[in-house]
Amino acid sequence: MKILVFGLGVNGGGFAAAKYFLKHKHQVIVTDLKTEDSFGKIIDILKNLGAILKLGEHNVEDFIWADLVIKNPAILPNNKYLQYAKKISNDFSYLFDNYNLDNVNIIGVTGTKGKTTTTHAINHVLCELGYNSKLLGNMGISAFEIASYLDKNEPPIDYLVIEFSSWQLRDTFNYCEKCFPNIKIALFTNLLEDHQNTYDSMEKYLQDKLKLFTKDTQIALCPKAFEKIIKEKTLLKKQKIKFIDTKIINELINKPELFPAYKALEALDIKKETILEKFNLFKGVEHRIEWIGIKDNILFVNDSAATIPEAIGFSLSHFENNSVHIICGGTDKKLNASSLIYSLKKVKSVTLLDGTFTKNKLIPFLKDNNITYFGPYTSMKDAIYKANENAKKDSSSNMKIILLSPGSASFDLFINEFDRGNQFKKIAKEIIDK
């Protein structure tokens, strides 16, 4: 079969797809507008496996040539090249259409923020209890990795815990609505303004999110705050949806990010004491309020996955008794900066990373509200060193926090939010180790 991977991408999805089909002896062309320099060592791996790379451009002839086009979720469905494709799929639709998942319990998680922490926490507890549970989805694990596992006749999977972005749900339903598997638990974490640079409205963004709630969903969990809009927009019968009271149990007061996972595990009839015991062993997720280390009473925290303004407030809530020196700013996603006023007035200093959001929205907002800032800086090193300088001058007796919590996307200066977080961690560790 002739396969065209449309969008190699920077999060590993296109690479996993190409590698899967190459190992199954298919002909594979990979096309992406980025050049070889953008992808590093994976280029040599794909070449050695036999892939043909068409980088820096797209050609209509490649789409006409292919029997199947595997589309990157970041590519819009109305992209002009897709009209030439005989058949289109994404990694989820390929997995769901080709493998029998009837005996696998699927837990699907979507929402604006908190998806990755929730899926990891659920998976952690299930694995601790002895289940063969696998992670999959938007956190960077392609469905082709699960397909490869199933090919090898490994031990049966008990649970698939899947993080769905709105784009992934949109594409999966476009390409395999009829083969979408039964979801044992569908969990909606929250709804905040995001991705308005690719969606015409919040309404369309929400519609894609709610595709996770189908008529075959066994248990649907959603915060009570969204009860009205969920009931209006889903195909589920109203009595099937369980709306989660947002009052967090006392044991999770200091770990509010784990509450959605707790409710999902509770719905699996796992005892409260067992869940909390296993949560105590959960180390969290990389780039999500990740503690890097301490030097001179200064704690470095990587929260690079905070890619919308509202996420900054949530991150700051973890450090209410500390002096916080925040590093924020980046690329615009057509989001409103006004939600930052309360958050940034609480911090001790603001250091800015350069980018379209920083220049066009954040700096005017800071000036209008008489909030002092430093930068913007075009390198992570300069930003960290300035924040560290500010923290050292801070006379507070409590622990000082240098918090990377950008509140915006990363693409002006970095490959993605993970690259941004990794650069922060590397430089922070250098400072700590001196």
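Q: Which residue in strand 8 does Lys-134 stand opposite?
A: Lys-134 stands opposite Leu-160 in strand 8. Bear in mind that this is a predicted model.

Q: How do strand 7 and strand 8 pair, parallel or antiparallel?
A: Parallel, over five bridges. Strand 8 covers residues 159–163.

Q: What sheet do they belong to, and in what order do its strands come?
A: An open sheet of six strands, ordered 7-8-6-9-10-11, with parallel pairing. Strand 7 (133–137) and strand 11 (241–244) are at the edges. Each has a single partner strand, so one side of each lacks a neighbour in the sheet.

Q: How much are neighbouring strands of this sheet turned against each other?
A: By 20° on average, direction ignored.

Q: Switching to helix 1. Why call it largely enclosed?
A: Because eight of its eleven residues are buried. The helix spans residues 13–23.

Q: Which residues of helix 1 are buried?
A: Gly-14, Phe-15, Ala-16, Ala-17, Ala-18, Tyr-20, Phe-21 and Leu-22.

Q: And what do the buried residues of helix 1 pack against?
A: Three strands are on the list: strand 1 (2–6), strand 2 (27–32) and strand 4 (68–71). The helices there are helix 2 (42–49), helix 4 (91–98) and helix 6 (143–151).

Q: Stay with helix 2. At what angle does it pack with helix 1?
A: About 20°, with the axes 10 Å apart. The two helices are therefore roughly parallel to each other. The cut-off for that word is an angle under 35 degrees.

Q: Left-handed or right-handed crossing?
A: Helix 1 passes helix 2 in a left-handed crossing.

Q: Which residues meet there?
A: From helix 1, Phe-15, Ala-18, Lys-19 and Leu-22. From helix 2, Ile-42, Ile-45, Leu-46 and Leu-49. By class, this contact has seven nonpolar residues, no polar ones and one charged.

Q: How do strand 12 and strand 13 run?
A: Antiparallel, joined by five bridges. Lys-295 stands opposite Ile-298 in strand 13.

Q: How many residues of strand 17 are buried?
A: Five of its five, so the strand is mostly covered; buried means under 20% relative accessible area. Lys-400, Ile-402 and Leu-404 point one way, while Ile-401 and Leu-403 point the other way.

Q: In what sense does strand 13 pair with strand 17?
A: Parallel, over five bridges. Asn-302 stands opposite Leu-404 in strand 17.

Q: How many bridges join strand 14 to strand 17?
A: Five, and those two strands run parallel. The bridge partner of Val-324 in strand 17 is Ile-401.

Methods
Residues numbered from 1 in each chain as written. Predicted model: local features only at pLDDT ≥ 70, side-chain atom pairs only at ≥ 80, totals over all residues. Heavy atoms only, no water. Buried < 20%, exposed > 50% of the residue type's maximum accessible area, 1.4 Å probe, protein only. Helix = DSSP H or I, 4+ residues; strand = E, 2+ residues; numbered from the N terminus. Contact = heavy atoms within 4.5 Å. Axes fitted to C-alpha atoms, helices over the stretch in contact; angles between N-to-C directions. Parallel < 35°, antiparallel > 145°, perpendicular 65-115°, else oblique. Left-handed = near helix turned anticlockwise from the far one by under 90°. Nonpolar A, V, L, I, M, F, W, Y, C, P; charged D, E, K, R; others polar. Pairing = 2+ DSSP bridges.
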